[in-house]
Amino acid sequence: MNAAPSSQQHKPRPAPLDFEAELVKLEDRITDMRKWADEYSKTGQDPAIAQEIARLEARANEMRATIYRNLTHWQRVQVARHRDRPYTLDYINLLMEDFSELHGDRHFADDAAMVCGIARFRGRSVALVGQQKGRTVEERIKRNWGMAGPEGYRKALRIMKLAEKFHLPVISLVDTPGAAPGVGAEERGQAEAIAKNLFEMSRLQTPILVAIIGEGASGGALGIGVGDRVLMMENCWYSVISPEGCAQILWRTADAKEQAAAAMKISAQDLHALGLIDEVVPEPVGGAHRAPEEAARILGDRLEENLNLLAAIPPTELLERRRNRLYAYGQWEEREVASR
Amino acid sequence: MGWLDAWKAGFARNAKKAIPDGVWVKCEGKGADAQLGCGKTLYRRDLEENLWVCPSCGFHMRIGAHAYLDLLLDEGTAEPLFETVMSADPLRFKAEKRYGDQILEDFRRTGRGSAFMAVSGAICGRPFAVGAMDFSFRGGSLGSAEGEKINRLIGFAQERGVPLVIVSQSGGARMQEAALSLMQMAKTSARLAEFAETSLPFISILTSPTTGGVTASFAMLGDVILAEPGALIGFAGARVRETIKEDLPPGFQRAEFLLEHGFVDRVVDRRNLKEEVARLTNVLAPV
Ligand SMILES: [Zn+2]
C-alpha cells in the first residue's frame, strides 16, 4: 500500500448512503469537470479549471466532514453496515504478518462466520478472533452474514485457551448482527456456548483486547467481547438488540428504528460516556469504508498502544482489574425502603 | 423519581398476587406456554397444595419468585437480601411508554423494585443463598438492578461459604437499559467464575420461560442445571423464533429437548425440587 497516493476518483466510489445525496451530486460534478479538464489538457492548460476543481473539492471535503461530524444514531448504524466497510479479515490483511487461520471447534464443525488464528503484529505474537461478514452473495451465505453459531464461539474459546497457554495476548474484533438463531444453533447449545465464553474470558490468564469494528449486536457480540480494554470505532453500534428489533418490540413497527437507535444510546460516544467502553477509535472522514488503509492504520496504532499498556500489568492484577471492571457495570437505584 | 416515593408510601403492602384469583382455575399456559395444559377446570385449593402442577396432566403452571422461594426454603428461614437495590432508568428511555413509568407500574403491581429476589435461608436445615427471577416484573428481564442483586447474592454465598441456587424465569435482557443490560451477562458470568474457585455448588433451576441473555449467561453456568418439565428454554426468544424459516422439531426449546441434546442435567418435577436440591448439594459438598 505504499504506491503513489491515489486520489478518491481513481477508485470506485463506495455505494453512497441516503444522507450523502448532496455530497454525491457535488462529487459527480467534480468527476465530470476532471474528465473535461483531462480532455482539454491535450490541447493546452487552463489554470482556471484546476482552480475550480480545487475549490469544489474543498467544498466536498467540508461537506463530508460536516455530515460525518453530525451523524445521527441511525446513520451511524448505516455506516457500520456499509458493504465496503473493512471486515475482520481486511484488518488482519492490512495489519498482521504471518497470519495463520486456525479452523474448527474440535467438537462439531468449522464456523466460517468466526475467523480465528495467530499472527505477528508489530513485533509481537498475537491470537485473533473475530466475526467475519461477506460482500458477495456466496460469501455472505458462507459467512452466514457474520452470525456465528455455537461452533464459532467454541472455536474462539479454543483459540483463546491456546493464547493463554502460549502467553499471547488476544485481539478480538467484533462485527456481528447477532449470534445465529435457528434450530441447529439451539440444538447445539448457542446459549451455553456464549455463557461459557463470558465465564472463561473473565478469567483467561492473558490480556484480552476487544475492538468493536462494525456491528456489536447483543450476546453474539459480547460472546467474544469480554476483555481488559474495549475499543470501539467511531461509526459502530453496540447494544442488546438491533434498532429494528427494539423498534419492532417497543414501538410495534420496525419503522421506528431511528428512534430506537437513539433511545438505546448505541453509539461509541454514548457507550464511552456510560463507561462501558474505554476508547473511541476515530475513523477517516467519511467512514472506514472510504479509506480502509487509513482506518486500519489508526486502529492498528490504538491496538498496539493498548497491548503495550496491558503487557505492563502483572497477570494477577490484570485479572483482578478485569473482574472489578465487569462487576461495576450497571446503573441502579440504591434506596432504603419501608419494610414489608 | 415518583416510583421511589411510591416505595416509601408502602405500596408493597398492597401488592397483588401474580396468580389468578377465584375458586376455579383452568389448566392452561400463557404466552410461550399457550399450547400447553389440558384445559380442565381445577379447584384452586387443590392446585395450591400441588404447587400449581396440574394433578390431571402434570402441566407446570407459571408461579412467581415468591412461590419458588416458599417451596424451596424451610418455613420461616428466608431473610430478604439487597432489597435496597432497585431498577432505575439510566438512559431515560422512552418508546411508546416511558421506562420510568413502567418500572413504577410494575412496582405498584408486584411490590418489588426489581425482577430478582435474593434471600438467605435454609433448605432441609442447611444454609443456602437463594435467588429467583420473577416474570411479573418487566417479564423477568435482566437489567442493572437484577445483575447487581445476582452479583451480591453470589458474593454473599462465597463469603458465608454456603451453596447457591438461582431460579431463572426471564424473557432475556432488558431492552430499555440497552448496553447496560447486555453487560449484566458478562458481570454475572464473571462473578460465577470467581465463585467457581470455592468448590461451593451452584444449582441453576430453569423454569418457563428462560430465554435470551439469561440463558446465555448465569442460567447455563450451573454446576448442576435442573429444568422443570415442559419449560421453554432457549437462546432465541419468541420474536426471533418467529423469524426462523425452518420447521421446528417437536418439543423445540422445551426442557426435555435440552435434556436430549445435553444441555440440562435433569428434568425435575416442581414438587421434588427442594428434595432434589438438598440431595445434590449434600452429595457434592457434604456438610
Ligand atoms: Zn392439566
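Because A:E57 lies in helix α2 (residues 47-69) of chain A and A:R34 in helix α1 (residues 21-41) of chain A, the pair ties together parts that are 23 residues apart in sequence. Helices (H or I, at least four residues) and strands (E, at least two) are DSSP runs, numbered from the N terminus. A:E57 counts as partly exposed, at 28% relative accessibility, and A:R34 likewise counts as partly exposed, at 22%. On this scale, buried means under 20% relative accessible area, exposed over 50%, and partly exposed in between (1.4 Å probe, protein chains only).

The model is a prediction in which local features need pLDDT of at least 70 and side-chain atom pairs count only at pLDDT 80 or more, whereas totals for chains, interfaces and linings use all residues. Residues are numbered from 1 along each chain as its sequence is written, chains are lettered from A and ligands numbered from 1 in the order in which they are written, and side-chain values use heavy atoms, with hydrogens and water left out.

Over all chains, the structure holds 52 salt bridges. Within chain A, one of them joins A:E192 to A:R154, with the closest N and O atoms 2.9 Å apart. This pair links distant parts of the chain, A:E192 being in helix α8 and A:R154 in helix α6 (residues 150-165), 38 residues apart. A:E192 is partly exposed, with a relative accessible area of 21%. A further salt bridge connects A:D228 with A:R322, the closest N and O atoms being 2.7 Å apart. Here A:D228 belongs to the loop between α9 and β6 (229-233) of chain A and A:R322 to helix α14 of chain A, 94 residues apart. Both A:D228 and A:R322 are buried.

Strand β5 (residues 208-217) of chain A pairs with β6(A) in the parallel sense over four bridges, pairing being assigned if DSSP finds at least two bridges between two strands. A:A211 stands opposite A:L231 in β6(A). β6(A) also pairs in the parallel sense with strand β8 (residues 279-281) of chain A, over three bridges, and A:M233 has A:V281 in β8(A) as its bridge partner.

The size of an interface is often given as the accessible area lost when the parts come together. Chain A and chain B bury about 5,400 Å² between them, 69% of it on carbon and sulfur atoms; buried area is the accessible area (1.4 Å probe) that two parts lose on being put together, summed over both. The contact (heavy atoms within 4.5 Å) takes 55 residues from chain A and 68 residues from chain B. Three salt bridges are counted between the two chains. In one between A:E334 and B:R152, the closest N and O atoms are 2.8 Å apart. Strand pairing also crosses between the chains: β9(A) and strand β4 (residues 85-86) of chain B pair in the antiparallel sense over two bridges. In β4(B), B:M86 is the bridge partner of A:E333.

Conventions: Salt bridge = Lys/Arg side-chain N within 4 Å of Asp/Glu carboxyl O.
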